[in-house]
Amino acid sequence: MQEAMIKRAKELLADGSVKRVIGWKRGEFAYDITPAVFESAEELDKDFVFDDFTSANVSKYLVKESKKEGKVLVFLKPCDTYSLNQLTKEHRVDRDNIYVIGIPGGPKLDIEKIKAKGITGILSVKNDNYTLKIDTLYGEETMPFSEAILDKCASCKSKKHVTYDELIGEDGDVLDSDRFDMVEKLENMTAQERYDFWREQLSKCIRCNACRNVCPACTCEKCVFDNPNSGVENKAASDSFEENMFHIIRAFHVAGRCTDCGECSRVCPQNIPLHLLNRKFIKDINSLYGEYQAGADTTSRAPLTDYTADDCEASIVHERGAE
Amino acid sequence: MLKISLSRLEELFAAIAEKQTLYIPSDRADGAAEFTKWEPGKALTQKLNTLRSAKDFFFPQTENIVDFKMEGKNIQVIDQRSEHEDFVIFGVRPCDARSFTILDKVFLSEPVDSFYKNRRDHGTVVTMACSRPAETCFCGTFGIDATEPEGDAACWSDGEDLFIKANNDKGQAFIDSISSLLEEGDTAKLDQVKAKTKEILSRLPLANLSTAAFGGDTLNEHFNSEKWAELSESCLGCGTCTFVCPTCQCYDIKDFNTGNGIKRFRCWDSCMYSDFTKMAHGNPRTSQLERFRQRFMHKLVYFPANNNGEFGCVGCGRCLSKCPISMNIVKVMKALEVK
Amino acid sequence: MQVNENKEFQPLIVAFCCNWCSYAGADLSGTNRLNYPTNVKIIRVPCSCRVNPMFILRAFQRGADGVILCGCHPGDCHYTSGNYFTRRRMTLLFSMLDFLGIERDRTRVEWVSAAEGAKFAATMNEFTEAVRKLGPNRRLEDLRCRKQ
């Protein structure tokens, strides 16, 4: 796959149809892959990589890159195409300036899950027929591929590319996923249990803003939390209220626009399951206002900028689920 | 050297905790290690290092400095400083131990930061030598020997016993306070463990990383490098690297209006943020390239220029494993050192 | 929280009222000499949809024990559709607060027209009592703002 991608990127660069290529760049180790912009065949040959660790969603870079001179080629996995569609819909990218090659999605690997097994000193990770052979400073280790899959891939919602100019490999289908299971489990807990769960999780927050800055839906020029004139600007959560407020407001601001790409949870240095907040909104929207998948198209009205006269009342929250 | 059997660690912790508050790195529910207050039953983590660094003990993420209360036309100023209680941090790794030396240069030079000094005076740092370094470790680059940790007192484990040695008077006082539990032990096995660790350290993937191309006199060369554009291209501008870093020491001072008074507090800040060092005219660094460059120039050039060649990094590897896009100081150093 | 303390507990209720219906409704309940608790502090907004989630959270931060949002009845919005958007937003926000374990009865949306002075007073009486029963807001409280 990697060879086919490099070959096609080189062709498009050579015939002048694109000026730059957004992809992933090899790192120091097997897993520390950085999204990067490539401008020449030499750079592609040297550093371009596509493997089990290229999980980063590069669609947000298009906000910046698509406004530059010349067309940009981007390789998007199925989940990433939803993000691009949503950005197109919100006029945050110049879609005409982007050439999308759809590539197969995951499942991708989570290095943290490998390290959590106590495996350290990792020098290389090889996928040998769904067994990971990991060469370390302390000898070779093995573990099943299935146990190291990224959470966002484990609950994959779609293998379908919703926007592309050409495909490498096959297109897939929208999947039946179990992505709302954990949300449902929480809904069925008592309020005290839910409170305790979220206090434990959100109290870990160090307000690094990684979740916000990686999010393809968070593209405000100036975030309300960075704006000294907003009255709520803060650089660190001084207490539990501010931890809650940041995450409630952030999730609310992307409600109806979040495509559930799962990047927020993937990048959280404190392993907070932030995607559960987004999924709660998605689940509510689906059940109260009809099935809606952000990014599935570029024309439909988003649930929070739409209404019907016979929508349910807010009191519905009081009437359902466990207290 | 003095030692205690590893099977008696709980006893040791109990003895320490009897006299002062004890913090040890232990596993939390999600598997990551973090420093927590010891209480009976809490076990030392088997992980190499804590997710967050140990700098929080001396330089917490937020702290109240002063309160203001308004009554009519009077403003009452309430100093929030109070004498800190004595505490022990046990199990600090050699890289984090060095970070305190670096923070000291910032906070204990004139004018002395009294909040920091208060905590530093009351804290005893007991370090723990490494025996299973990870691939992301590069403390050797900054002259740290992971088998000979700094700190007030240092510990080693040979798999059976915990050896302990004082590095200064404060460490000696700490050892004296638990001496009834310690006995003299033979270090033959420990020496073997140390030799083995040294051998692994020499084989680390980043063992050859060098600071030769950096330092105070390389300012113009690096500042004007064309490579910053490419290096910073994918930076998200989040503060993950800054906040997990044991040596990042920038902070902001802000006022919070509680509705019935003002609380002035300070909190960590990150040079990666768009409102870092914001002044009346705006932000001095308007692009992510400049902000990104600032962070690494500070660690590799400005800091050594002002501190006798000491670099502002200890090679703990936290930014290597936590950066959302895996851009880090090692990649920057490797890119910049190529002429 | 002890029982005897609970008896004396006076909740702070913030009521966001739209200028065209609910604020006039509050006015009417006043001119009609209807009683509603002094615990309720009204903040007038041009339309219920002016209230964004941050307003609700900020009210809790500054010490509110309950927040109620009042607007024109659906279909009667002075700006045609503002309250329809409010309805969706607040439904989702309240559901999220509930998801985080914040007590449901601390938040409410009620449609009160300019002619419904009696409904306004009754709603405020009822809501204040419901919040009083819950006791002080501790789960969504900013400790720094607590009055010493």
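Reader: How many residues does each side bring to the contact between chain A and chain C?
Author: There are 32 residues from chain A and 32 residues from chain C, where contact means C-beta atoms, placed from the backbone, within 7 Å. This is a predicted model, in which local features need pLDDT of at least 70, side-chain atom pairs count only at pLDDT 80 or more, and totals for chains, interfaces and linings use all residues. Residues are numbered from 1 along each chain as its sequence is written, with chains lettered from A and ligands numbered from 1 in the order in which they are written.

Reader: Which elements of chain A give two or more residues to the side that touches chain C?
Author: Those are α8 (191–202), α10 (240–253), α12 (275–289) and α13 (316–319) of chain A. With 7 residues, α10(A) gives the most. Helices here are DSSP runs of H or I, at least four residues, and strands are runs of E, at least two, numbered from the N terminus.

Reader: And how do the residues on that side of chain A divide?
Author: Into 22 nonpolar, 4 polar and 6 charged. Ala, Val, Leu, Ile, Met, Phe, Trp, Tyr, Cys and Pro count as nonpolar, Asp, Glu, Lys and Arg as charged, and the others, Gly among them, as polar.

Reader: OK, staying in chain A, what are the domains?
Author: Domain 1 (1–108 + 157–177), domain 2 (111–148) and domain 3 (179–323); the bounds come from an automatic or database domain assignment.

Reader: How many residues of domain 1 of chain A are in contact with domain 3?
Author: 17 residues of domain 1 of chain A, against 15 residues of domain 3 of chain A. Helix α4 (residues 78–89) of chain A makes up the largest share of the domain 1 side, 8 residues. That side splits into 5 nonpolar, 8 polar and 4 charged residues.

Reader: Switching to chain B, how far apart are the C-alpha centres of domain 1 and domain 2?
Author: They lie 28 Å apart. Domain 1 of chain B is 2–58 + 82–203 and domain 2 is 216–249 + 270–337.

Reader: Where's Gln61(B) found?
Author: Gln61(B) sits in the loop between β3 (33–37) and β4 (62–71) of chain B.

Reader: Why does Gln61(B) count as partly exposed?
Author: Because Gln61(B) has 18 C-beta neighbours inside 10 Å. Buried takes 20 or more other C-beta atoms within 10 Å of a residue's own, exposed 12 or fewer, and partly exposed is in between.

Reader: And what is Gln61(B) in contact with, leaving aside neighbours within four places in sequence?
Author: Ile206(A) and Ala236(A), plus Asp56(B), Cys267(B) and Trp268(B).

Note on methods: Two residues are in contact if their C-beta atoms, placed from the backbone, lie within 7 Å.
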